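I opened this structure for the first time and kept notes as I went. The entries follow the order in which I looked things up.

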Amino acid sequence: MSPKKLIGKVEFRENLAGQNYLVRIEFDEKVDFTPGQYVSLKVNSEGLRRSYSVASLPEEKSIDVLVDTTPMGVGSKYILGLRVGDEVEVLGFLGNFIIDFQATEKARHIMFLATGTGIAPLKPMIEDLLYKRSFIGEMRLVWGVRHETDLYWLKEMDNLNRDYDNFKFDIVLSQPTEDWPGFRGHLGGLVNELTQDWSKTLVYLCGSREMIVEMEKRLKEKGVPEEQIHYEKYY
Ligand SMILES: Cc1cc2nc3c(=O)[nH]c(=O)nc-3n(C[C@H](O)[C@H](O)[C@H](O)COP(=O)(O)OP(=O)(O)OC[C@H]3O[C@@H](n4cnc5c(N)ncnc54)[C@H](O)[C@@H]3O)c2cc1C
């Protein structure tokens, strides 16, 4: 389906943690896209745009976007200025960062690796696989953020962890407090400790360019074939 200009309205904007905001945009009709895709939002009157992954499932009358406003550029300021009822111009749906279903037939594991708001497209991809598809292999999401105070969606992820035996969720903090009981460091450190058949692992990476470049190199060294590594670079 070719991308279309859609006019929506802000249903709500919620601070999830730190500088991270969830914005729900409501449309007149249900919208269809593939989990993992993104939208391009018009962020000023001159028509400047910023891309945001859709953080919710399709076939609803609304979409969620999850935005880290730390960069404080035009896009961040636009998101911070949005109020309930504001009109939003969206170009959607874009991108090819979607599950390769043919490849899932041969895969034993699907690994999702995110830093920061890179978790946004991975959540609906995982939910779609768990709720609607019959992938029976192991799925693991590893999410890297800096501090405990940057965390959100923990209840949602814990519920998936509890309800699906083949889904596992891990957090890695690079700058935790002393009390943090979980993994410390960067994604690469945790991935290094995992033993699995890497040649039968599909990987979906989302976040900063730096993380993706590093993880792609590391995963190839571990034996993940290049065509099984998919990524979305945010900046
Ligand atoms: C396909 C795609 C999907 C994206 N999806 C999301 C998403 O779901 N959520 C989201 O928060 N962002 C997402 N981004 C990034 C987003 O489009 C903007 O780049 C980001 O929000 C910054 O926009 P800005 O106008 O506030 O800052 P800009 O003026 O564009 O940038 C200001 C400065 O901050 C740096 N910067 C940009 N982004 C980040 C960042 N995330 N962390 C640290 N430094 C940064 C830039 O290099 C620049 O130096 C996505 C990007 C792409 C390409």
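The notes below go from the overall layout to single residues.

**Entry 1: ground rules.** I am reading a predicted model, in which local features need pLDDT of at least 70, side-chain atom pairs count only at pLDDT 80 or more, and totals for chains, interfaces and linings use all residues. Residues are numbered from 1 along each chain as its sequence is written.

**Entry 2: domains.** I looked up the division of the chain and found domain 1 (4-94) and domain 2 (101-233). The bounds come from an automatic or database domain assignment. The centres of the two domains, taken over C-alpha atoms, are separated by 24 Å. I then checked contacts, where two residues count if their C-beta atoms, placed from the backbone, lie within 7 Å. By that rule 15 residues of domain 1 are in contact with 14 residues of domain 2. On the side of domain 1 that touches domain 2, β1 (4-17) and β5 (60-68) are the elements giving two or more residues. The largest share of that side, three residues, comes from β5. By class, this side of domain 1 has nine nonpolar, five polar and one charged residues. For the classes, Ala, Val, Leu, Ile, Met, Phe, Trp, Tyr, Cys and Pro are nonpolar, Asp, Glu, Lys and Arg are charged, and the others, Gly among them, are polar. Helices (H or I, at least four residues) and strands (E, at least two) are DSSP runs, numbered from the N terminus.

Entry 3: An unreviewed UniProt entry lists "domain: FAD-binding FR-type" for residues 3-100. I noted that UniProt positions are in the numbering used here, that feature names are shortened, and that annotations may be inferred rather than shown by experiment. In the model, the end C-alpha atoms of residues 3-100 lie 20 Å apart, and the span is 8% helix and 54% strand. The unreviewed entry also places a "binding site" at R50, S51, Y52 and S53.

Entry 4: Is Y52 buried or exposed? Y52 is buried, because 26 other C-beta atoms lie within 10 Å. R50 has 19 C-beta neighbours inside 10 Å and therefore counts as partly exposed. The cut-offs are 20 or more other C-beta atoms within 10 Å for buried, 12 or fewer for exposed, and partly exposed in between, with C-beta atoms placed from the backbone. Leaving out residues up to four places away in sequence, R50 touches L41, V43 and G75.

**Entry 5: around the ligand.** Which residues come nearest to the ligand? Of the 22 residues around the ligand, they are P71, G73, G75, S76 and Y235. The elements that give two or more residues to this shell are β4, β5 and α1 (74-81). I sorted the shell by class and got eleven nonpolar, eight polar and three charged residues. At least three shell residues come from each of domain 1 and domain 2.

Entry 6: Most residues other than glycine have a negative phi, and most peptide bonds are trans. I looked for departures. M72, not a glycine, has a positive phi of about 55°. M72 sits in the loop between β5 and α1, and M72 is exposed because 10 other C-beta atoms lie within 10 Å. E59 also has a positive phi, near 60°. E59 is in the loop between β4 and β5, where E59 is exposed, with 8 other C-beta atoms within 10 Å. A cis peptide bond, with omega about 10°, joins G92 and F93. F93 lies in strand β6 (residues 87-94).

Entry 7: I checked the length of helix α3 (residues 119-132), which has 14 residues. The expected span is 1.5 Å times one less than the number of residues. That gives 20 Å for α3, and its end C-alpha atoms are 20 Å apart, which agrees. The buried residues of α3 include I119, L122, I126 and L129.

**Entry 8: two loop residues.** D165 lies in the loop between α4 (154-163) and β9. D165 and E138 are 27 residues apart in sequence and 8.4 Å apart in space, C-alpha to C-alpha. D179 is in the loop between β9 (167-173) and β10 (183-184). D179 and C206 are also 27 residues apart in sequence, with 28 Å between their C-alpha atoms.

How values were computed. A residue is near a molecule or strand if its C-beta atom, placed from the backbone, lies within 6 Å of it.
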